[in-house]
Amino acid sequence: MPTSSWIGRLEEALAMVCLLASSLVVFAGGVARFLGHPLDWSIDLATFFFAWAVFLGADLALKEGRHVAVDTFQAFLPTKVRWGVRFLTWSLVALFLFLLAYYGFQMAYLTRFRSFQGIPGFSYTWVTLSVALGSLLMLCTALGKLRELLWRGPWS
């Protein structure tokens, strides 16, 4: 199911660009190393792009229900109990993502003066922000799923 909002489409495009950029930088670094002229910055830049691709992609997967789930147990539960289990699960997911975003922003602040070895002047904060912002996006998605669950109620 494709993402319909413009924010979702932007998020999807950014995730694809970051994954492609990460792959291209790793490939270029490998070719340059093979030719005897290694690119010292290639792994650092690939790490930056890959971190953003991972967290943006994780939110996209959460929106589309593509994360790994074992729901065999839930299928045997009565409807109201199943609703309660889903409510508890989404509440715990939201709490975890809130904490991950909170500590992610703290880590981004703490790493503001750290720079990559291969890219002087490029703050490591840009990588750690992927954790914080990605978790914040996933938190919004989880709260939306929780709201949807509450709206439908335990009878569905």
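**A guided look at a predicted model**

Guide: Welcome! In this predicted model, the largest pocket holds about 640 Å³ of space. It is lined by 18 residues, and the closest to its centre are L62, V68, A69, T89 and W90.

Visitor: Which helices each supply at least two residues of that lining?

Guide: Helices α4 (79-110) and α5 (125-152) do. By class, the lining of the largest pocket has nine nonpolar, four polar and five charged residues.

Visitor: What makes K63 and E11 a salt bridge?

Guide: Their side chains meet at 2.7 Å, N to O, and the cut-off is within 4 Å, so the pair counts as a salt bridge. K63 lies in helix α2 and E11 in helix α1, so the pair ties together parts that are 52 residues apart in sequence.

Visitor: Why is E11 called buried?

Guide: The relative accessible area of E11 is 4%.

Visitor: Why does L95 count as partly exposed?

Guide: L95, in helix α4, has 47% relative accessibility. That value lies between the 20% and 50% cut-offs, so L95 is partly exposed.

How values were computed
Residues numbered from 1 in each chain as written. Predicted model: local features only at pLDDT ≥ 70, side-chain atom pairs only at ≥ 80, totals over all residues. Heavy atoms only, no water. 1 Å grid on protein atoms, 1.4 Å probe; cavity = no way out; pocket = protein on both sides within 12 Å on 5 of 7 lines; lining within 4 Å. Points joined across faces, edges and corners; volume = space filled by probe spheres on them. Helix = DSSP H or I, 4+ residues; strand = E, 2+ residues; numbered from the N terminus. Nonpolar A, V, L, I, M, F, W, Y, C, P; charged D, E, K, R; others polar. Buried < 20%, exposed > 50% of the residue type's maximum accessible area, 1.4 Å probe, protein only.
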